[in-house]
Amino acid sequence: MESEAYPKALQNAKFDRRILHHQGITLRGVVWDTLLASYLLNPDEGHSLDAMADRYFQIQTTSYKELVPKGQTIAVVPIADVAQYCGMDVHVTRRLVPVLGQELAQSPELEYLRAAVEQPLEPVLAAMEDQGVRIDTDYLGQLSQQLAQELDRLEALAHQAAGIPFNLASPKQLSTILFDNLGLDIKKSRKIKTGYSTDAAVLEKLSGDHPVVDYLLEHRTLAKLKSTYVDALPTLVHPQTQRIHTDFNQAVTATGRLSSSSPNLQNIPIRTPEGHRVREAFLAPSGHLIASADYSQIELRIMAHLSEDEALLNAFRHGLDVHRATAAEVFGVALDQVSSEQRRYAKVINFGLIYGMSSFGLARNLGIETKAAAASI
């Protein structure tokens, strides 16, 4: 298992690598991962062994879920069932390699990605997951108390603005308050069983129509931050390592980027002061730093290349801040005269154009008239 001289093909090698690592075995010589090959060929399909066995060979395999009852992590399973499960795993993986290899051979670019990028990345991600990340649980405990106080304050303000106390988490009560008592525009909502919808999209449309709506939006944002990260992260610290060990998913997103789960560490908000405060809980060991790296305007570079837009190309050729350059063009001002608000405006326009945002969507995002948004587009 530890020898490079014995080439190996696995399904989801990262999982096996981590299991073996914790048994004192350093896995080497993995040259093929059927999970990664399937992902490159069909990013929108399922990449489990069950799904591929059915797709390529019309074989119905015994899944782990069938061996271990739902809700259990450990079960007494007859050895014959375990042997069949393990044997079928090996059998299907071995049969998949030449089939997937033949498909990849039709696309040299994808085969290059598999061999030069995805396959070598797998052990790196396994090491990152094993390493984990330190968090300051005491700091998060204090932050949780501060957010609880802020949530109480926002709730009191919402009650005051509405004129009566109500349950902020009750869609029915909220519908009555907003549309019956306060008479807000029902055209910005839709009819549901309990009255009118008060989901996030509806509240965003109603933003600015009444102070209670803005208090509700801020309350929801903070409540989600508190429950999803501030309160949840300390419970996920491993008792032995005192670190959080997320899963980096290499074969999930349709766009090719990594995702993170259990917990999702890639989705902590950064645009709000509270989001920044959550990020401050992540610590580097003594004598080390946490480094943050990102592609520089990758989508806009691709758009500049495909559109051959002279203004965009010029911005990149001369190393300009592309959002600032767009703002200078839109507002007709010099580069050094662009305000931070104008730059934010231009950034929303740039990304809105890439992803097909309508003038209505852009107007709502920027808080401007639809006619002005259409003119900007």
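Q: Why is Tyr345 called buried?
A: In this predicted model, Tyr345 has a relative accessible area of 14%. Buried means under 20%, so Tyr345 counts as buried.

Q: What makes the aromatic pair of Phe331 and Tyr345 edge-to-face?
A: The angle between the planes is 65°, and over 60 degrees counts as edge-to-face. The rings are 5.2 Å apart, centre to centre. Phe331 lies in helix H14 and Tyr345 in helix H15, so the pair ties together parts that are 14 residues apart in sequence.

Q: Why is Phe331 called partly exposed?
A: Its relative accessible area is 32%.

Q: How many aromatic pairs does the structure hold?
A: There are 3 aromatic pairs.

Q: Why is the pair of Phe179 and Tyr196 called tilted?
A: Their planes stand at 55°. Stacked needs under 30 degrees and edge-to-face over 60, so this pair is tilted. Phe179 sits in helix H8 and Tyr196 in strand S5, 17 residues apart.

Q: How do you know that Lys191 lies over the face of Tyr196?
A: Lys191 is 5.1 Å from the ring centre of Tyr196, and the distance cut-off is within 6 Å. Lys191 is listed as lying over the face of this ring.

Q: Why does Gln160 count as exposed?
A: Gln160 has 63% relative accessibility. You can find Gln160 in helix H7.

Methods:
Residues are numbered from 1 along each chain as its sequence is written. This is a predicted model: local features need pLDDT of at least 70, side-chain atom pairs count only at pLDDT 80 or more; totals for chains, interfaces and linings use all residues. Side-chain values use heavy atoms; hydrogens and water are left out. Helices (H or I, at least four residues) and strands (E, at least two) are DSSP runs, numbered from the N terminus. Buried means under 20% relative accessible area, exposed over 50%, partly exposed in between (1.4 Å probe, protein chains only). Rings of Phe, Tyr and Trp (its six-membered ring) pair if their centres lie within 6.5 Å; planes under 30 degrees apart count as stacked, over 60 as edge-to-face and the rest as tilted. A charge sits over a ring if NZ of Lys or CZ of Arg is within 6 Å of the ring centre and within 35 degrees of the ring normal.
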